[in-house]
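Here are some exercises to work through with the model open beside you. Try each task before reading its solution.

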Amino acid sequence: MKDTAIVIGGSASGLITATVLSKYFKNVFIIERNVYKNNESAVNNRQGHQPHIVMQRGYEILNQLFPNFMKEFEEEEKEKNRILNQLDQFRFTKFVFNGKVLSNAGGKMGPCLLWTSTRGEIESFIRRRMERDLKNVKFYDGYQVLNNQVHVESILDKNGKEQVKVTGVTIARTDNQQQQDSATNSTSNQQQDSITINCDLLVNCGGLGSRTLCKNIESKLNKTMRKSFTEFKIRYESIYFKVKEDVKLLPNNRLSISKLLEKEKDSASRNVGDDFTCVYHPLMYPNMKSFLVFPVENNKIIISLISSCDHVERVNNLTTMNAKEKILNYVKGTPLEEDMINILNICKEEADSVHPPYEKLGNEYNHYEELFPVSQFLATGDSVGSLNPVYGQGIASAFDSAILLDDKKIKNCNKVDSIFDSDFCKEFQQQLYYAYFIPWLLAVTGDFSYTTKYSNNLWWQKLLNPVMQFLTDRMFEAGNKNIMGTFYFVTLLTMRDGYRKLLFNINWLALLFARELKVLAFIVPTVVLAAVLQYC
C-alpha cells in the first residue's frame, strides 16, 4: 500500500476516483475549491440544480463501491419527500424522437434501469457514504491548486530515459473567509492559507479548464497537450413547479405528467392515453429546442428547457410569476408545444423556483494519453472529456473512468514499484481514451450538423458525419419499432454492457436495417465506423 494520493476536484468524478484509491493508499486527499454545502454539488454555481441521470452502468458502479448504495439513497430521498425516479425500460418514460415515442419493453427483456435526480443530491449522498465508510479519505474544501504549483522533477526510468515525475502540490485557500469543517473527517489544518503536500499519485478530476494545471509538466516535456472540440453551445434553464392536488398518481406514487397523444399512437406496445412520469424530447438535429421533465418530489416536477445558444435566444426575465407564459412562448410553433401544454396544465399557476441558466460550450476531450512519459499522474472524468448530454452519458462515463483504474490496472499490477510509473499511467490514459470514444462519437455527430466550429484533428469525423448521422438516426428509430429494438436501444443508452460491445452486436445491427434491407448501407457505414474506431 502506498502512502498518499491527491485528487483534484470534489464533484462526482473526484469522489468516485478517491473511493477507488482509498483501497490502495493510506491517505487520500480531495482538493475542492468550493466550500461544501449539504445537498449541493461542488459545481452548484454552474449546474448543481440541473437534472442529472444515473445510467445503469453508473448504478452498478455505485453499488459495487458502496454496497446497497441505491437502496439507501432511495430511502433517504423518501424521508425528505423527494423522488429518486427509477425508469425501467422506459415503461413510464416518454422518449420522443422525430415525433415517435420509444416503444414499451415493459420489463419483458430483463432489467435495464436509470435514475433521475439532481447533481447536488447525488454527490452529497456519495460524500456522506465516504465520510461514514472511508476514514482514510480527507477533504480540503475551499482550497485549489494553482497553475504553477504542481511539483515535478526529471528522473531516469529503468532504461535510462528521462521522464517527468509528479511529486506533490501546493494548495491555497480560495478566499479569506473562515472555512467550515463541513464534514466530520475534514482535515484539522484547513485554516492554513497554503499547504504543500507530497504524494505518490496526483489525479486530476477537475473540470476541462484544469488542464492548465499541467503547465509544469508540459514545460518539462516540451509538449503541449492536444484538445479535440466541437463548439455547439447548449443552454439549460430549469424551473420547478408544484402540481395541482388532483393529479393522477401512477404505481409507486409516481406523478402522471403526460399521456400518449393521438399522433403518436403508431408507437409499438403503447396506446393513446398511456401515462408517463417522465418526458424527454432530446436536442437532436434539426431541432433547436428540447426539454426534459420529471418529478423531484411527490408534488413537484422539474422542467428543464434545453436549447442551442447560437440559434435560440435565452428566456429573459424568467420569474416564478411569469414562468408558464415564458415556457409556452419557448415551445410555441414547435413539435414540443402540445406535450408542454399538457404538462403545464397539471402545474400550479406560479412556479416554485427558477434557477440561473447553465451554458455548456460543447464537446471537448483533452488528450492526456499523449502527455507522456509522466509518472505518478493521471486524469479522469471531466478533466479529460466533457460531452453534451444528449444521451445522458456524462456521469456514467465519469464513473466508468474511475472504475477502469480499479478493474483493469491496479488489480492486475503485480509489482508495487510498477504502479503509477510512466508505462502504467500511459496505458491507463490510452484505455480511457478508448472507453470515451464511442460516447464521444455519438455526441459529436449531432454537433457537426449544427456547427462548423471544431478542432482541425476532427476533419475525418466531419467528413464521415453524413454516415454517422444516418447511423444514429437509425439507432433511435429502431428503438421505436418493437420491443426487441427498444431493449437494444435502451441497453446501449444506459451503457449496461458498454458502448463498444453493443454497437457491434449482430442482433442490434440487424434491427437497425431490417426494414429497408439496405445491405450496402449496412456494410459500408460499419466498415467506415470500424476504421474510425481503430485509427482516429
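**Exercise 1: the cores**

Which residues touch the most other members of the largest nonpolar core?

Solution. Keep in mind that this is a predicted model. Start with the core, which has 85 residues. Within this core, Leu21, Ile126, Met130, Ile171, Leu202 and Phe420 touch the most other members. Next, look at what supplies the core: helix 10, spanning residues 422–450, gives the largest share, with 12 residues. Finally, find the second core, which is separate and holds 26 residues, including Ile239, Val243, Val279 and Ala351. As background, nonpolar side chains in soluble globular proteins tend to be buried together.

**Exercise 2: a residue of helix 10**

Decide whether Thr445 is buried or exposed, and list its contacts beyond four places in sequence.

Solution. Second, apply the cut-off: buried means under 20% relative accessible area. Thr445 has 3% relative accessibility, so Thr445 counts as buried. Third, set aside the neighbours within four places in sequence; Thr445 is then in contact with Asn465, Met468, Gln469 and Thr472.

**Exercise 3: a nonpolar patch**

Find the surface patch that includes Trp460 and classify the exposure of this residue.

Solution. Begin with the members: Trp459, Trp460 and Leu463 make up a nonpolar patch on the surface. Together these residues have about 360 Å² of accessible area. Then locate Trp460, which sits in helix 11 (residues 459–463). Last, classify Trp460: its relative accessibility is 43%, and therefore Trp460 counts as partly exposed.

**Exercise 4: confidence**

What is the average pLDDT of the protein, and what share of the residues score at least 70?

Solution. The average pLDDT is 80, and 76% of the residues score at least 70. Now turn to residues 176–190, where the pLDDT is below 50 and the model has 34 contacts beyond near neighbours in sequence. Residues 515–524 also stay under 50, with 8 contacts beyond four places in sequence. A caution applies here: where pLDDT is low, the predicted coordinates should not be read in detail.

Notes
Residues numbered from 1 in each chain as written. Heavy atoms only, no water. Core = buried A, V, L, I, M, F, W, Y, C linked by side-chain atoms within 4.5 Å. Buried < 20%, exposed > 50% of the residue type's maximum accessible area, 1.4 Å probe, protein only. Helix = DSSP H or I, 4+ residues; strand = E, 2+ residues; numbered from the N terminus. Patch = residues over 30% accessible without salt bridge, like charges linked within 9 Å, V, L, I, M, F, W, Y side chains within 5 Å. Areas by Shrake-Rupley, 256 points an atom, 1.4 Å probe, with all protein chains shown as cover. Salt bridge = Lys/Arg side-chain N within 4 Å of Asp/Glu carboxyl O. Contact = heavy atoms within 4.5 Å. pLDDT = per-residue confidence, 0-100.
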